Amino acid sequence: MGNMPFVVSMLLVAIGFLTLIARRNLIKLAIGISIIEMGVNLFLVSLGYVRGGIAPIYTYAPPEAKTMVFPTPQALTLTAIVIGLATTALMLAFAVVIYRHRGTLDAGKIRELRG
Amino acid sequence: MLVHAPILAIAVPLLGAFSLLGVSYISRTWRNVWACLIAAFTSAMAVAVAIRAYTEGVVVYALGAASPTQSVTAGGFPIRIVLVVDGLGAFMGLIAALTGVVALVYCFQYLREEEGKNLGLSLLLLLWAGILGMVYTGDLFNFFVFLEVTSIAACALIGYRVWESRPPEAAFKTMAMYTLGGLLVLIAVGILYGEYDALNIAYLGKLIAGSPLDRLALGLLLGGLLMKAGAVPAHMWAPDAYGEAPAMATVVLVANTQAAIYAILRVVFTLYGGALASPGIGWLIASLGIATVLVAVLMAVVQRHLGRLVAYGAVSQLGYMLLAVGVGAVARGGFGEVALTGGIFHMINDAAAVGLLFLVVGAVRRAVGSVDLLSLGGLGHALRWEAGFFLLGALALAGIPPLNGFASKFLIYESTFRASPILAALALLASILLLAVVVRAFQGTFLGPRVREASPAPRGMLVAMGILALVIVVFGLFPGFFIERIVAPAVQAVLTGREAYLAAVLGG
């Protein structure tokens with residue numbers, strides 16, 4: 001069971017990649033990338049999981065506590081979530097602008113830049 | 001204050017990008033003065049760091065420590081984020097400084113106030129801060145953060161002209177590729193962290209032993225960085241982005257792409273230089289490089305959009321750099337050293353030549369309103385300076401002596417020939433084809449009878465183009481001087497500087 005979070009996170013990454021390959025709608029592409037991001041974030045946060053570990057704050061630690069978790073993976077995940085928010089917001093904003101120009105979100109029909 | 005130069009070079013443009021928007025409410029003059037101050041200070045810091053790195057060796061700056069030199073704890077374990085600038089990082093910092101200054105000088109008169117010049121200036125500074133961060137950082141996760149800073153700023157700049165239909169499409173495509181590349185890098189960072197409990201590049205470099213997980217992480221890192229660099233088969237975003245972005249942003253985008261090449265060098269030679277120094281990686285990168293050159297040059301032949309034509313030229317130059325990096329990784333030393341000298345020297349030559357071409361394309365677009373080769377022609381009568389600059393940039397791009405592109409490409413051909421004559425022949429052929437393409441573009445745009453009136457570019461834009469033209473000519477006339485002074489230390493940092501890099505960060 002110990003590897004389950006890693007399996008699930010890589011499954012999420014795979015689902016995201018499948019979305020990118022199978023879908024042509026720009027919003028769905030953004031969703032696919034978002035799913036990959038969530039998979040990676042789950043991967044990062046599960047790296048730092050310690051069974052029975054407590055938050056790494058010395059002054060608040062109960063005396064019987066033995067293990068503390070290392071705070072770095074959580075800090076990494078938080079940063080990655082914020083970056084993911086910015087990229088998703090920017091992609092959706094561009095999708096809206098493209099829709100205003102073309103009246104469609106179908107990537108197959110937006111062919112001006114091919115070749 | 002010079003002790004703090006590495007962090008100031010990143011923090012000043014980063015804070016400046018946001019404060020610029022506030023200052024722009026006061027008055028436009030103050031905003032311009034503010035932007036100039038930030039640019040002057042940032043480039044001065046980048047030059048100061050470079051001088052220190054070239055004369056005193058690797059510069060280490062620990063963030064959040066009692067003193068900036070305290071990069072490890074008592075047990076010899078690095079817990080802080082460090083900035084590490086060796087010869088290669090210093091060289092990339094100089095390229096970033098050059099392109100950033102040129103882009104700012106150009107954009108004061110290129111962007112129009114009513115189309116959102118405040119945001120354009122601000123994003124430019126943000127992109128600049130991200131590039132400097134990428135090349136100065138010594139921490140893998142920090143590198144990912146700066147990678148994403150450049151991605152977001154770059155894509156916002158590519159989609160700057162939201163009132164046209166093509167730039168948002170280019171920006172969306174680029175954003176998708178950049179984000180995917182960034183996420184691959186992040187997975188690799190996670191794997192390495194999970195394996196070694198560290199994010200410090202030097203510390204990881206010491207520990208990496210070549211386990212299957214290490215190989216997986218190397219594959220993911222290279223994959224993500226090649227996507228960011230725009231190598232075949234992930235090159236589709238690059239011509240769109242270069243072709244549609246405002247001209248001054250493209251110059252910095254080229255530097256951003258080169259920062260990805262820098263990262264490939266750092267990963268292959270510093271991070272994995274101890275355990276996985278097999279020539280297979282080199283051959284892989286070299287073959288991707290030659291594929292990029294060929295595909296980009298062949299695509300350039302059929303373009304009728306001047307911006308996209310130059311953009312494919314830019315992608316092909318990137319292929320030459322990858323080829324050089326690959327050959328350098330095949331033979332670490334000997335002709336590999338020649339290859340790396342050529343590749344690293346080609347970075348600054350390419351930034352100047354391609355940058356100059358993009359600036360001219362921007363000036364043409366501003367003067368005529370179109371960059372369709374079928375409707376252009378005879379612009380040389382009105383745009384004399386631009387025509388001269390375009391010819392200079394085109395010849396430098398194609399590698400005609402005595403311009404700078406020849407000096408670096410010759411080193412790449414020579415060393416590639418020693419590794420594989422077929423690759424060298426293909427690279428040379430592609431270069432000849434590229435010459436034909438850019439000369440045809442020059443002829444179609446500037447020569448012929450005067451078909452329409454065009455107003456020449458304002459002086460600020462000409463000055464920006466002049467700086468790059470000066471770099472092209474001076475680097476072409478005295479390549480030996482510059483290779484010895486600024487390129488050779490970078491090459492030594494790649495090939496033999498690994499021990500010094502690790503020792504500077506970890507002590508001992």
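The legends below describe close-up views of a predicted model.

Residues are numbered from 1 along each chain as its sequence is written, while chains are lettered from A and ligands numbered from 1 in the order in which they are written. Because the model is predicted, local features need pLDDT of at least 70 and side-chain atom pairs count only at pLDDT 80 or more, whereas totals for chains, interfaces and linings use all residues.

**View 1. The helices of chain A.** Chain A holds 3 helices and 0 strands, where helices (H or I, at least four residues) and strands (E, at least two) are DSSP runs numbered from the N terminus, and its pattern along the sequence is α-α-α. With a radius of gyration of 20 Å, well over the 13 Å that the globule rule gives for 115 residues, chain A is more spread out than a compact globule; the radius is taken over C-alpha atoms, and the rule is 2.2 Å times the number of residues to the power 0.38. Along the principal axes, the C-alpha atoms of chain A fill a box of roughly 65 × 30 × 20 Å.

**View 2. The side of chain A that touches chain B.** The contact takes 26 residues from chain A and 26 residues from chain B, two residues being in contact if their C-beta atoms, placed from the backbone, lie within 7 Å. On the side of chain A, the elements that give two or more residues are α2 (26-47) and α3 (72-102), and the largest share, 14 residues, comes from α3(A).

**View 3. Helices α8 and α10 of chain B.** Helix α8 (residues 212-229) and helix α10 (residues 247-271) of chain B pack at an angle of about 160°, with their axes 8 Å apart; the axes are lines fitted to C-alpha atoms over the stretch in contact, and angles run from 0 to 180 degrees between N-to-C directions. The two helices, α8(B) and α10(B), are therefore roughly antiparallel to each other, a term for angles over 145 degrees. Among the residues that make the contact are Leu221(B), Leu222(B) and Leu225(B) of α8(B), together with Ala260(B), Ile261(B) and Ile264(B) of α10(B).

**View 4. The covered helix α9 of chain B.** Helix α9 (residues 237-244) of chain B is mostly covered, with 8 of its 8 residues buried, that is, having 20 or more other C-beta atoms within 10 Å of their own, with C-beta atoms placed from the backbone. The buried residues of α9(B) include Trp237(B), Asp240(B), Tyr242(B) and Glu244(B), and the buried residues of this helix pack against α5 (140-158), α6 (166-196), α10 and α12 (306-330) of chain B.

Technical notes: Parallel < 35°, antiparallel > 145°, perpendicular 65-115°, else oblique. Buried ≥ 20, exposed ≤ 12 C-beta atoms within 10 Å, placed from the backbone.
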